[in-house]
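Thanks for sending this one over. Here are my notes, in numbered points, to read alongside the model.

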Amino acid sequence: MHVDLDYFYAQCEELRNPSLKGRPVAVCIYSGRTEDSGAVSTSNYEARKLGIKSGMPIAFAKRNASADTVFLRADLGHYDTVSDRIMNFLHTFSPVMEQASIDEAYLDLTGIVSSFDDAADVARRIKEGLLAGEGLTCSIGIGPNKLIAKMAAGVNKPDGLTVIRDDQVEDFLSPMPVGRLFGVGRVTEKKLNEEGIETIGQLRERAAPDTRRMFGSGMGGWLYNASRGIDEEPVMERKREQYGRIVTLKEDTRDSGILLDSARTLLQDVVEMVRKDGQAFKTVTFIGIMDDLSTRTKNRSMQEYTDELEPCMRMMPQLIAEFLGEHSRSLRRMGVKVSNLGEKKGQKMLSDFT
Ligand SMILES: [Mg+2]
């Protein structure tokens with residue numbers, strides 16, 4: 001199963017500001033050189049109708065915009081927090097989950113369901129749970145493997161649910177342009193088109209030696225299999241590299257007492273997540289999102305791995321003092337992050353040696 005959260009950044013913004021609903025919204029990453037330099041990261045469907053799409057330069061998008069179009073600065077810390085909650089929720093449906101990006105995950109339902117109908121029931125429960133718990137919609141694809149699940153999730157958006165059984169794979173793929181085959185980039189697509197191959201069905205008609213001649217054995221072999229819907233990639237849990245939490249402060253502040261209290265609350269959450277995963281860490285980072293929305297960080301590492309709150313809190317006052325010494329602006333949001341993950345010394349249980 002592939003779960004894809006719909007127009008995620010823009011949907012997060014609509015949720016915390018319901019007055020945006022129904023208006024075109026473009027969430028942008030500003031590069032900061034001039035007022036409009038940067039690109040659209042995600043747009044909602046109203047904005048897409050105006051031709052405002054992700055990857056588009058902001059200045060260009062503004063030419064397409066209607067008077068009521070809203071351009072927002074991406075608040076990645078907020079989307080991360082929402083994403084973390086959702087990924088934890090999805091994980092309850094299968095112990096084998098691969099988070100593919102901030103808004104996409106694969107779930108392996110092998111051994112959990114015994115039919116595609118049962119899998120569709122799981123998908124409905126996920127969709128209902130996400131809507132009730134977060135107010136968010138997603139699109140879900142179910143297939144015999146990751147490739148087909150991913151492509152199935154993509155054909156019916158937003159709020160879609162598409163099931164492709166083994167015996168439907170070829171009919172599903174055949175009419176699609178080759179560029180839609182997940183993994184085929186622009187260069188490969190162009191090369192295939194030049195060979196007279198426009199659809200995935202046409203690609204399948206080419207013999208293996210033919211695609212190998214065109215693309216070499218690696219890519220050629222992959223194309224041969226993928227055009228047949230063959231994909232053996234397992235759903236693989238990716239190792240996390242960091243744990244963090246960010247919060248918006250009640251008001252912009254430089255008060256070290258307020259920051260320290262807030263750091264303690266956030267660190268309690270973070271340490272709990274780390275422990276639940278059986279991890280430990282060496283580095284603690286204090287994150288400040290300043291009143292001009294710039295992000296600044298200050299970190300410090302410990303000699304030994306830990307999974308406890310106290311060692312972090314011992315160094316936090318100085319970390320905050322140094323941070324405030326280096327930056328003169330007030331903080332609008334603050335966060336903490338732990339990284340440099342590893343295993344805590346001496347945490348092996350006696351049972352590990354029996
Ligand atoms: Mg998405």
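1. Where is the place of N340? N340 belongs to strand β12, which covers residues 331-342. Please keep in mind throughout that this is a predicted model. The phi angle of N340 is near 60 degrees, a positive value in a residue other than glycine. That is worth a look, since most residues other than glycine have a negative phi. With 16 other C-beta atoms within 10 Å, N340 is partly exposed.

2. The loop between α6 (146-154) and β8 (161-163) is another spot to check, and P158 lies there. K157 and P158 are joined by a cis peptide bond, with omega at about -10 degrees. D159 has its place in the loop between α6 and β8 as well. Its phi is near 60 degrees, again positive in a residue other than glycine. D159 counts as partly exposed, because 13 other C-beta atoms lie within 10 Å, and a residue needs 20 or more to be called buried.

3. Now to the sheet built from three strands. The order is β3-β2-β4, the sheet is open, and the pairing is mixed. β3 (38-43) and β4 (70-73) stand at the edges with a single partner strand each, so one side of each has no neighbour in the sheet. On average, neighbouring strands here are turned by 35 degrees against each other, direction ignored. Strand β2 (residues 25-30) pairs with β3 in the antiparallel sense, over five bridges. If you want a residue pair to look for, I29 has A39 in β3 as its bridge partner. Helix α1 packs on this sheet, where it touches β2, β3 and β4, and its direction makes about 115 degrees with that of β2.

4. How does α1 meet α4? Helix α1 (residues 8-16) and helix α4 (residues 76-91) pack at an angle of about 95 degrees, and their axes are 10 Å apart. The two helices are therefore roughly perpendicular to each other. On the α1 side the contact is made by F8, Y9 and C12, and on the α4 side by H78, Y79 and V82. Sorted by class, this contact has five nonpolar residues, one polar residue and no charged ones.

5. Staying with α1, how many of its nine residues are buried? Seven are, so the helix is largely enclosed by the rest of the structure. The buried residues are F8, Y9, A10, Q11, C12, E13 and E14. What covers them includes β1 (2-5), β2, β3, β4 and α4.

6. Y106 sits in strand β6 (residues 104-107). Is Y106 buried or exposed? Y106 is buried, because 25 other C-beta atoms lie within 10 Å, and 20 or more is enough to qualify. Apart from neighbours within four places in sequence, Y106 is in contact with M1, H2, M97, E98, A100, K146, A149 and V235. Y106 and I140 are 34 residues apart in sequence, while their C-alpha atoms are 9.7 Å apart in space.

7. Finally, the domains. The domain assignment of the protein chain gives domain 1 (8-75), domain 2 (77-167), domain 3 (174-226) and domain 4 (242-342). The centres of domain 2 and domain 3, taken over C-alpha atoms, are separated by 28 Å.

Technical notes:
Residues numbered from 1 in each chain as written. Predicted model: local features only at pLDDT ≥ 70, side-chain atom pairs only at ≥ 80, totals over all residues. Helix = DSSP H or I, 4+ residues; strand = E, 2+ residues; numbered from the N terminus. Buried ≥ 20, exposed ≤ 12 C-beta atoms within 10 Å, placed from the backbone. Contact = placed C-beta atoms within 7 Å. Axes fitted to C-alpha atoms, helices over the stretch in contact; angles between N-to-C directions. Parallel < 35°, antiparallel > 145°, perpendicular 65-115°, else oblique. Nonpolar A, V, L, I, M, F, W, Y, C, P; charged D, E, K, R; others polar. Pairing = 2+ DSSP bridges. Domains from an automatic or database assignment.
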